[in-house]
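Work through the exercises below with the sequence and the 3D structure in view. Each task is followed by its solution.

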Amino acid sequence: MAQPQRRRRYFVMMGICIALFVLAWGVVRLWSIPAAIAMCVVAMAIPPFAAIVANRRDRDDKWWDQ
């Protein structure tokens with residue numbers, strides 16, 4: 001996978017993270033505080049996985065060897 005694809009996946013995952021936070025405390029908390037907290041817990045778990053996806057090495061990557 002080329003670097004632009006990794007970057008795109010990273011930004012999509014971080015966009016989902018931000019959307020979960022905003023929706024949790026802007027909309028969902030009006031109906032259910034536990035559901036909003038659960039959404040935030042899920043959103044907290046996304047950034048480490050996004051960093052792993054963004055830094056994964058592929059077989060054809062040469063920039064790791066420099």
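**Exercise 1.** In which helix does Ile 33 lie, and is Ile 33 buried, exposed or partly exposed?

Solution. The model is a predicted one. Step one is to list the secondary structure: the protein has two helices and zero strands. Ile 33 lies in helix 2. Step two is the accessibility of Ile 33, which has a relative accessible area of 41%. Exposed needs over 50% and buried needs under 20%, so Ile 33 is partly exposed.

**Exercise 2.** Find the nonpolar surface patch: which residues make it, and which elements give two or more residues to it?

Solution. The patch covers about 560 Å². Its residues are Phe 21, Trp 25, Ile 33, Ile 37, Val 41 and Met 44. Helix 1 and helix 2 are the elements that give two or more residues to the patch. Helix 2 gives the most, with four residues.

Take Val 41 as one of the patch residues. Val 41 is in helix 2, and its relative accessible area of 48% makes it partly exposed.

**Exercise 3.** Is Met 39 buried or exposed, and which residues does Met 39 touch, not counting residues up to four places away in sequence?

Solution. Met 39 has its place in helix 2. Its relative accessible area is 18%. The cut-off for buried is under 20%, so Met 39 is buried. With residues up to four places away left out, Met 39 touches Leu 20, Leu 23, Ala 24 and Val 28.

Leu 20 is 19 residues apart from Met 39 in sequence and 6.1 Å apart in space, C-alpha to C-alpha. Val 28 is eleven residues apart from Met 39 in sequence and 9.0 Å apart in space, also C-alpha to C-alpha.

Val 28 is found in the loop between helix 1 and helix 2. Leaving aside neighbours within four places in sequence, Val 28 is in contact with Leu 23, Ala 35, Ala 36 and Met 39.

**Exercise 4.** How many residues apart in sequence are Met 14 and Phe 49, and how far apart are they in space?

Solution. Met 14 is in helix 1. Met 14 and Phe 49 are 35 residues apart in sequence and 9.8 Å apart in space, C-alpha to C-alpha. Apart from residues up to four places away in sequence, Met 14 touches Pro 47 and Ala 50.

Now look at contacts across the protein. Among those between residues at least 6 apart in sequence, 51% join residues at least 24 apart.

**Exercise 5.** Which residues form the aromatic pair, and what is its geometry?

Solution. A search of the whole structure finds one aromatic pair. Tyr 10 and Phe 11 form the pair, with 5.5 Å centre to centre and 70 degrees between the planes. Edge-to-face needs planes over 60 degrees apart, so this pair is edge-to-face. Tyr 10 counts as partly exposed at 27% relative accessibility, whereas Phe 11 is exposed, with a relative accessible area of 53%.

Definitions and conventions. Residues numbered from 1 in each chain as written. Predicted model: local features only at pLDDT ≥ 70, side-chain atom pairs only at ≥ 80, totals over all residues. Heavy atoms only, no water. Patch = residues over 30% accessible without salt bridge, like charges linked within 9 Å, V, L, I, M, F, W, Y side chains within 5 Å. Areas by Shrake-Rupley, 256 points an atom, 1.4 Å probe, with all protein chains shown as cover. Salt bridge = Lys/Arg side-chain N within 4 Å of Asp/Glu carboxyl O. Buried < 20%, exposed > 50% of the residue type's maximum accessible area, 1.4 Å probe, protein only. Contact = heavy atoms within 4.5 Å. Phe/Tyr/Trp six-rings, centres within 6.5 Å; stacked < 30°, edge-to-face > 60°.
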